[in-house]
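Please keep the sequence and the model in view while reading.

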Amino acid sequence: MKYKKKILVTGGAGFIGSNYLNKYVAKYPDYFFINVDALTYAGNLDNIEVKKRNNYVFRKTDIRNLALLEKIFVYFKPTDVIHFAAESHVDLSIENPSLFVETNVNGTNNLLLLSKKYGVNRFHQISTDEVYGSLGPKDKPFTRNSPLKPNSPYSASKASADLLVRAYNKTFGLNTVITRCSNNYGPRQDTSKLIPKFINNLLLGKKVPLYSKGENIRDWIYVEDHIDAIDLVFHKGKIGKVYNIGGNCELTNMDITEKILKLTGRDKSFIKPAADRLGHDFRYAIDNAEINNELGWKPKINFSDGIKMTLEYYRKSDLN
């Protein structure tokens, strides 16, 4: 079969990447998807429900390995790249900053080098609102014109990768787009992250470690809303542009904890205060006006519904 597009998807066995593949491999039978993943702690092939489809293939590959990546470009001849793969755990970045530079910066540069060399049509960089730094309680939400002020090794490595993507667009004319999203939650997220960790702990009758007083604020988005925005920007986003994707749902970590406690039938005695993270950003928030006005996207799933669906996923996972 002659495919309209052959999309190299990096990090497709991870949380957001697997949700993207599970929906869009099925939706676009005339596209061919090459899933490249190193299968670190956050990658799991059990996340992939479409592995038997004819328009999907997996190759275990580390994006830090330029030679191995080039073999994939030569063999599969991808027309486009959607780059999810990243080290993304802030606490781990504090312990091992070098790993984040190697994967998020050098790995992204490897993909850009090959995308330029082999003439890909579009390079879509999946990034994060954390590159903008931290907001105060009354500051206006981030826009795509907000300055980059990353505070953790993780966010600094993602900001660096974004700047490389911009440079390849400006210097070499590579067709790029960047999307920066707020905190995701939903099925298939690694249980080291706040929401699945708290859900799993509470389902097992264990206490949950809450940083400081739980006052830090995040803007939350259900993962399906995010992947729908990614698909829209991939197809219709303007070349060289940055699109912010927010959930319009600012909640403190205590708000999140209390909601999960209620859903699992636990009380506040299950909260175990934890020493605060080094350099802990106080608040993230994203202004969706531009992507809404230009592309007509806005989040559809409210947090009350999304957290129930997420809880049900992990409850079933525990039973299996």
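With a relative accessible area of 6%, Asn288 is buried, and this residue sits in the loop between strand E12 (271-274) and helix H9 (289-295). The model is a predicted one. The points below continue with Asn288 and then turn to other loop residues, to the helices and to the chain as a whole.

- Leaving out residues up to four places away in sequence, Asn288 touches Asn244, Ile245, Gly246, Gly247, Asn248, Trp297 and Pro299.
- Asn288 counts as buried because its relative accessible area of 6% is under the 20% cut-off.

**The loop between E7 and H6**

- Both Arg188 and Gln189 belong to the loop between strand E7 (183-185) and helix H6 (194-203).
- Arg188 is a residue other than glycine, yet its phi is positive, near 75°.
- Arg188 is buried, at a relative accessible area of 14%.
- Gln189 is likewise buried, with a relative accessible area of 10%.
- Beyond its neighbours within four places in sequence, Gln189 is in contact with Phe15, Asn184, Pro196 and Tyr314.
- Phe15 and Gln189 are 174 residues apart along the chain, and their C-alpha atoms are separated by 4.7 Å.

**The loop between E2 and E3**

- Leu39 is located in the loop between E2 and E3.
- Although Leu39 is not a glycine, it has a positive phi of about 55°.
- The relative accessible area of Leu39 is 29%, and the residue is partly exposed.

**The loop between E4 and H3**

- Glu87 lies in the loop that runs between E4 and helix H3 (90-95).
- This acidic residue, Glu87, is buried, with a relative accessible area of 9%.
- Residues up to four places away in sequence aside, Glu87 touches Thr40, Tyr41, Leu92, Leu99, Phe100, Thr103, Asn104 and Tyr154.
- From Glu87 to Lys259 the separation is 172 residues in sequence and 28 Å in space, C-alpha to C-alpha.

**Helix H1**

- Leu21 is part of helix H1, which covers residues 15-27.
- Leu21 is buried, and its relative accessible area is 0%.
- Not counting residues up to four places away in sequence, the residues that Leu21 touches are Val9, Gly12, Ala26, Phe33, Asn35, Ile48, Val50 and Tyr56.
- Leu21 and Val81 are 60 residues apart along the chain, with 13 Å between their C-alpha atoms.

**Helix H2**

- Helix H2 (residues 66-76) has Leu69, Ile72, Phe73 and Phe76 as its buried residues.
- The partners against which the buried residues of H2 pack are strand E1 (5-10), strand E2 (31-37), strand E3 (56-60), strand E4 (80-83) and helix H4 (97-117).

**Helix H8**

- The residues Asn253, Ile256, Thr257, Ile260 and Leu261 are buried in helix H8, which spans residues 253-263.
- The arc that they cover around the axis is only 135°, so they are on the same side of H8.

**The chain as a whole**

- The chain contains 10 helices and 12 strands.
- Its radius of gyration is 19 Å, close to the 20 Å that the globule rule gives for 320 residues, so the chain is as compact as a globular protein of that length.
- The C-alpha trace spans about 55 × 45 × 40 Å along its principal axes.
- Of the 320 residues in the chain, 53% are buried.
- When contacts between residues at least 6 apart in sequence are considered, 81% of them join residues at least 24 apart.
- Carbon and sulfur atoms account for 50% of the accessible surface, which comes to about 14500 Å².
- There are 47 positive and 34 negative side chains, and the centres of these two sets lie 5 Å apart.

Conventions. Residues numbered from 1 in each chain as written. Predicted model: local features only at pLDDT ≥ 70, side-chain atom pairs only at ≥ 80, totals over all residues. Heavy atoms only, no water. Helix = DSSP H or I, 4+ residues; strand = E, 2+ residues; numbered from the N terminus. Rg over C-alpha atoms; globule rule 2.2 N^0.38 Å. Buried < 20%, exposed > 50% of the residue type's maximum accessible area, 1.4 Å probe, protein only. Contact = heavy atoms within 4.5 Å. Areas by Shrake-Rupley, 256 points an atom, 1.4 Å probe, with all protein chains shown as cover. Lys, Arg positive; Asp, Glu negative; His and termini not counted. Charge placed at Lys NZ, Arg CZ, Asp CG, Glu CD. Arc of directions from axis to C-beta.
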